[in-house]
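Here's a quick tour of one chain, starting with its overall build and then stopping at a few residues. Have the viewer open as you read.

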Amino acid sequence: MNKYMLVRRISKELHKPEKDILPIVNAVFDQIIRSVLDGHKVTISSLGSFRLRECRERKGYDPYRRRHILVPAGRTIRFTVSPALQKRISMRCRQNNPDS
C-alpha cells in the first residue's frame, strides 16, 4: 500500500472526498518526520514507535569492485513495532498456519 491507496481507503471509510483527506495524511506524515528529525521519539500506541538512530562508521564490502570499504557514520530512522501490533501479527500467522 502506498500513500494514495491509504488516502483512498480513508476517504471511502469516512465518506469524504480524497481531496479533503490528502492534506490531513500529508500533515500527519510531515509531523512524524519533523519530530523524528528533531530528535524526538514518536510513539503511536497501536502501531509502534519511530526514532532517530546514530550509526557509527563501519567496515563494509563492495561486491561489484570486490574490495572492503569504509561506510561513513550517519543517521537513520528506526521503527519498532508495538506489542499490540506484534500480538495481532502473531495471531494472524497462527491462523494462516495452523500446523506451526
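Helices (H or I, at least four residues) and strands (E, at least two) are taken here as DSSP runs, numbered from the N terminus. With that in hand, arginine 66 sits in the loop between strand 3 and strand 4 (67-71). Keep in mind that this is a predicted model, where local features need pLDDT of at least 70 and side-chain atom pairs count only at pLDDT 80 or more, while totals for chains, interfaces and linings use all residues. Residues are numbered from 1 along each chain as its sequence is written, and side-chain values use heavy atoms, with hydrogens and water left out.

**The chain as a whole**

There are three helices and five strands in the chain, and reading along the sequence gives α-α-β-β-β-β-β-α. The radius of gyration is 19 Å, well over the 13 Å that the globule rule gives for 100 residues, so the chain is more spread out than a compact globule. (That radius is taken over C-alpha atoms, and the rule is 2.2 Å times the number of residues to the power 0.38.) The C-alpha trace spans about 55 × 45 × 30 Å along its principal axes.

How much of the chain is buried? Buried residues come to 14% of the 100 residues, where buried means under 20% relative accessible area, exposed means over 50%, and partly exposed is in between (1.4 Å probe, protein chains only). As for contacts (heavy atoms within 4.5 Å), residues 24 or more positions apart account for 30% of those with a separation of 6 or more.

On the charge side, the chain carries 22 positive and 9 negative side chains, and the centres of the two sets lie 5 Å apart. Lys and Arg count as positive and Asp and Glu as negative, leaving out His and the chain ends; each charge is placed at NZ of Lys, CZ of Arg, CG of Asp or CD of Glu.

**Around aspartate 62**

Aspartate 62 belongs to strand 3 (residues 58-62) and is buried, at a relative accessible area of 14%. What does its side chain pair with? A polar contact of 3.2 Å links the side chains of aspartate 62 and arginine 65. A polar contact is a pair of N or O atoms within 3.5 Å; within protein, one must be able to donate a hydrogen and the other to accept it, and residues adjacent in sequence count only if both atoms are side-chain atoms. A polar atom of the aspartate 62 side chain also lies 3.0 Å from the backbone nitrogen of tyrosine 64. Leaving aside residues up to four places away in sequence, aspartate 62 touches Arg67 and Ile69.

**Three loop residues**

Histidine 15 lies in the loop between helix 1 (3-14) and helix 2 (18-37). Histidine 15 isn't a glycine, yet has a positive phi of about 55 degrees. Arginine 66 likewise has a positive phi, near 55 degrees, in a residue other than glycine. Serine 82 is in the loop between strand 5 (74-81) and helix 3 (83-96); not counting residues up to four places away in sequence, serine 82 touches Ser45, Ser46, Leu47 and Gly48.

| Residue | Relative accessibility and class |
|---|---|
| Histidine 15 | 72%, exposed |
| Arginine 66 | 69%, exposed |
| Serine 82 | 6%, buried |
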